[in-house]
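This report looks at an annotated position and then at an interface between two chains. Please keep the sequence and the coordinates at hand while reading.

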4 protein chains.
Amino acid sequence: MKRIGMLTSGGDCQSLNATMRSVAKTLYGNLEEVEIYGFQEGYKGLIYNNYRIMKPSDFSGILTEGGTILGTSRQPFKLMRVPDANGLDKVEAMKENYRKLKLNGLVILGGNGSHKTANLLREEGLNVITLPKTIDNDLWGTDLTFGFHSAIEIATNAIDCIHTTAASHGRVFIVEIMGHKVGWLTLHAGIAGGADIILIPEIPYDIDSVAAAIKKRADQGKRFSILAVAEGAISKEDAKLSKKELKEKRSKRIYPSISYELGAQIQEKTGQEIRITVPGHMQRGGPPCPFDRVLSTRLGAAAAELIMKDDYGYMIGIKNDRTTRVPLEEVAGKLRYVEPDAPIIKEAKLVGITFGD
Amino acid sequence: MKRIGMLTSGGDCQSLNATMRSVAKTLYGNLEEVEIYGFQEGYKGLIYNNYRIMKPSDFSGILTEGGTILGTSRQPFKLMRVPDANGLDKVEAMKENYRKLKLNGLVILGGNGSHKTANLLREEGLNVITLPKTIDNDLWGTDLTFGFHSAIEIATNAIDCIHTTAASHGRVFIVEIMGHKVGWLTLHAGIAGGADIILIPEIPYDIDSVAAAIKKRADQGKRFSILAVAEGAISKEDAKLSKKELKEKRSKRIYPSISYELGAQIQEKTGQEIRITVPGHMQRGGPPCPFDRVLSTRLGAAAAELIMKDDYGYMIGIKNDRTTRVPLEEVAGKLRYVEPDAPIIKEAKLVGITFGD
Amino acid sequence: MKRIGMLTSGGDCQSLNATMRSVAKTLYGNLEEVEIYGFQEGYKGLIYNNYRIMKPSDFSGILTEGGTILGTSRQPFKLMRVPDANGLDKVEAMKENYRKLKLNGLVILGGNGSHKTANLLREEGLNVITLPKTIDNDLWGTDLTFGFHSAIEIATNAIDCIHTTAASHGRVFIVEIMGHKVGWLTLHAGIAGGADIILIPEIPYDIDSVAAAIKKRADQGKRFSILAVAEGAISKEDAKLSKKELKEKRSKRIYPSISYELGAQIQEKTGQEIRITVPGHMQRGGPPCPFDRVLSTRLGAAAAELIMKDDYGYMIGIKNDRTTRVPLEEVAGKLRYVEPDAPIIKEAKLVGITFGD
Amino acid sequence: MKRIGMLTSGGDCQSLNATMRSVAKTLYGNLEEVEIYGFQEGYKGLIYNNYRIMKPSDFSGILTEGGTILGTSRQPFKLMRVPDANGLDKVEAMKENYRKLKLNGLVILGGNGSHKTANLLREEGLNVITLPKTIDNDLWGTDLTFGFHSAIEIATNAIDCIHTTAASHGRVFIVEIMGHKVGWLTLHAGIAGGADIILIPEIPYDIDSVAAAIKKRADQGKRFSILAVAEGAISKEDAKLSKKELKEKRSKRIYPSISYELGAQIQEKTGQEIRITVPGHMQRGGPPCPFDRVLSTRLGAAAAELIMKDDYGYMIGIKNDRTTRVPLEEVAGKLRYVEPDAPIIKEAKLVGITFGD
């Protein structure tokens, strides 16, 4: 009998259920005896031993369902070693629950922060396999994370909708796109949506060069411009600040987010009417797109295969269209950024997209 | 030879092109000779004589296209009688251009404000036919306006996306929905999206009763709640204020919109984590839904039929699934509100939806 | 304690779950004590007493789910009085199970055939409330059935997809659309999709006039034509045949459906390349559109309200945007057809759509 | 002055316009002087000198438009050397028109057949750059072709719709998916749609093993099964036949396509009710998905860059997420098949998908 724990951790995204379904179907279908323990709301479930034993039917019909049937929560890595309000040592609690339930392994679907905790559990002797979950696509060790392409579709659809209204009114529109500290989502949705200007954290922007690009379009008789702006976009000026200085500066910001600040600056510099759209959490919701469902199915099967071989300590990623395993210690704590001189950036510039640099 | 002017005025919405296509196809197909003059950017085009003579092919392939091929702009009714920067009398200019071009009639696609100007032009002796354009569905004299159902689809999709993330995280989410001063869009999208609480201008809310509804759900073990909130939603308190008092109070508001104010109040009263999503201008963009395309085709054909009969001075509406003409003087200046005791409200309450009253 | 049976009967369609959810939420929320008995696979479940007692959570999260959580099956009305293979009298069995379970009432979601059986059960003394389920929109006594607008969206999307390929290749395309014996679905999807020719059962077509319309378009330089053809479309010739003659003629038909026969005839008469697309069962699948979700919520609430008043023997319909109850004996056995001279037909003709008459 | 010809050839697919837009925007934006000659309806336009000089605005707003603004047609390679009805030598005519217009290069968007002709033109001394267009994804020399992922989305949506109706009725459904002689599209859509059985040309199927898989599911209490079947799927028996024998056998087939034959066989062997859906040409229509738009933008920019360098004779492909150039002589005449033991096949089998082998 194999006993496998499973949990989803951090911000939710599309295709979590599709991934768990694939792990579960592979285990149920290829092992004589297996029991899957679903921990509720991420690491919290493991800490407080809040779980239910799953049935095969729990994983049926969830391929296309958004969200996660296990629930999730954010449990910051830096608080993992800090005892909870009742003095409970969280890491020890997780280890104890794992042992008590006689688990053979633990499947963790998580993003960047969750991988640090996953690696910690591995260091503490638990058998851990992780799967790369995030719309940000910022996990080191894999070309793609699931959720990324579903989020691209939603963000692109937002730009598509804005396109017709921008064109009708001759306005400048900013669409603010998620992605945390990296620009993957904004870059792809921006190109797919035909944005004129794309601002991402990896390429700090110069506000004058952004304004100039908008003016140039107006001078060419183009009545509107669309900016795809990453929530993490940063000006050249701010990029020079220390982390502390930036934090202090931002704490004084009167705008709810970068787009509003940018919008005010552009309006001042160009005199053009600006509108701002922030699709926000919509980008992580709804059913996974077909691309993500295939990716999730492949990653989940590969994860289950390692479990069947009792081979733990890896994140399952995909590289050059092949599923691959990456040692957890290599993944944890690293971010994968867009390279400012990547071919896709060069191609986007050839087509006429401005990055404000 | 019949010469017909055409313009789209006010905020854009879906199905403007589908409607113009229908007018044009009907005129081209049923009249020996017809010339359509497309004025650019709404009344502005008529004021400054900025037009182009359209070709049948201009109306080809636009049934599914969002926005408006003529462009649009907002020209507030109350400024119509105020001369422009160069001292030009706008109303006289419109009349003169109409006469100079020897137009037989003018087709105006517009919302509430645009209908006041349309009626003014009628009073000034122009032959006017209007078509009810707005995602707000607030035009008097018609059961439905085109754009409304397309916007419902986008707003509902926003709630759908939010649903999965709200359920996964156990959060309270506010989705702010357009609709100007009326609640049609929020009411329909809220019911379609399975919102737990719907707040619309026509039913002022009591913040305590809203908070109580959220707490009740939490007490029943429901981990999340979704609020569909109209951009024009108003508290019972504020509803008692005079227009002037309200304006003054709102001018001091630190929140970008009602949702943020409401969110802060709910967080304080319930202790629950709140997230806010504002799909904004997305709601008026993108291709029209099939419902709107059928509606637009019907309204456009009926408008063209009146033109063919030289019968002017009406808005074309739809009542009980029949296209109908309504005298412009009856339409102008009136809003169609949701009735607080309408059957649909009663049914929504039966299903368990709270309106905060 | 109120005990209510529930079943879904006949071909499935979108919004069955949304409708049941509304009935259930209204009953659970407004009655002290209620038990809902879900019969499996339509009348079959009632005949063979195959049911489960539902929980409130069974109806949670199903607003957007296609299909039916109860399953469905076709049980032809004309076989209801014929004993089954084991000699069981089906009608008596249904009555007995109803009594044995001490049901207070029975909610039946069904289409045309299912309403005949529902009325029979009413005549036999059972308390029955029905809800109008069908993509065909052919139920007498209601302006709309749920499923109809969701199916319009799918059929319209099929035409939209075909549009771009037809235009690129300059081909004549036939899109065959469901709808059983009536033309509602084809009429609406055809107009929404911008079809050039629409053929529906209510307006028998003349093949020469269809071919002439295609040739006329070609002569005008239009490289393609799109025909939206109802699965029940019929030629003028065939419309004159008796039921028996038609059946005999069709039994000899070498084509899988009307579209193929029509396609061959058009190819012969016009010399143009024809392609045929049959989206088929796709049209009844997938999530309900927002329009249907609102309709289902309203109908379901109104049905539950009657149950709460112990007022049985009706179908809940919608007329002029108000939910209404219609005596079952008036509904059963009647079809609602498109009127060949309805305003919508007249408007479609004005826009240039040909009906082949 | 650079003069560049452009044409789209063969069956249309999504993202043709997006690709041409990218080529054009890159050329217009980076060259002092450039003229683009758009040949109408594929090679036919080049043969008969049917072209128009494009304007930058022709490429504006077409990123999301399905089809091709240039039109397309199939011109079989094997007829290229055969004179036309008027004795015209097609290849010589193309060469002559190319010279007469003083073209510097020719951009051809085409699939497998079109690449043979493109290579022929290269051999005849023309400067040719090609772009890989097909929903089949069967072009040698690139990981991906544009159109492929858009078609996956449509085919997957078809399976999704069928899923709910199959589950409600407990039926076996066959969804026939395009893909010509290869299984890429069916494989991806099948996995994404959660098909139970996937049949592709590269893995000939055994009808008994297909029937056994369906029976096994029924025995496990699963009321329905979904088969994703490639239009080119082939039985083990047929796979052993010579090309000639197969052609002869198929010419006698009474079924319109493989799905109908398969359906009849399964019905006979399992006794289960079978339904068949053939989305057909829908799969190549409608707007490109965001994935394809990004791909097209990248490929188009890379193609234009080669033109700017006067470096001809290549197809632009993508390998490991980098655009790449592949000599035309290597591409022409080769198909890229799914490898029967590819990792994705292995992973699909792990999850429980049956391939009938």
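Predicted model: local features only at pLDDT ≥ 70, side-chain atom pairs only at ≥ 80, totals over all residues.

Leaving aside residues up to four places away in sequence, D136(A) touches G179(A), H180(A), V182(A) and W184(A).

| Item, chain D and chain A | Value |
|---|---|
| Area buried between them | about 3100 Å² |
| Part of that area on carbon and sulfur atoms | 61% |
| Salt bridges | six salt bridges |
| Polar contacts (both residues at pLDDT 80 or more) | twelve residue pairs |

On the side of chain D that touches chain A, at least two residues come from each of several elements, among them α1 (16–30), α5 (148–169) and α13 (343–350), while α11(D) gives the largest share, nine residues. By class, this side of chain D comprises 14 nonpolar, twelve polar and ten charged residues.

The contact takes 36 residues from chain D and 36 residues from chain A; of the area that chain D buries against chain A, 21% is supplied by E347(D), L350(D) and V351(D), more than by any other three residues. The side chain of E347(D) also meets that of R298(A) in a salt bridge, at 2.5 Å from N to O.

Note on methods:
Residues numbered from 1 in each chain as written. Chains lettered and ligands numbered in written order. Heavy atoms only, no water. Contact = heavy atoms within 4.5 Å. Buried area = accessible area lost by both parts, 1.4 Å probe. Salt bridge = Lys/Arg side-chain N within 4 Å of Asp/Glu carboxyl O. Polar contact = N/O pair within 3.5 Å; in protein donor to acceptor, adjacent residues only side chain to side chain. Helix = DSSP H or I, 4+ residues; strand = E, 2+ residues; numbered from the N terminus. Nonpolar A, V, L, I, M, F, W, Y, C, P; charged D, E, K, R; others polar.
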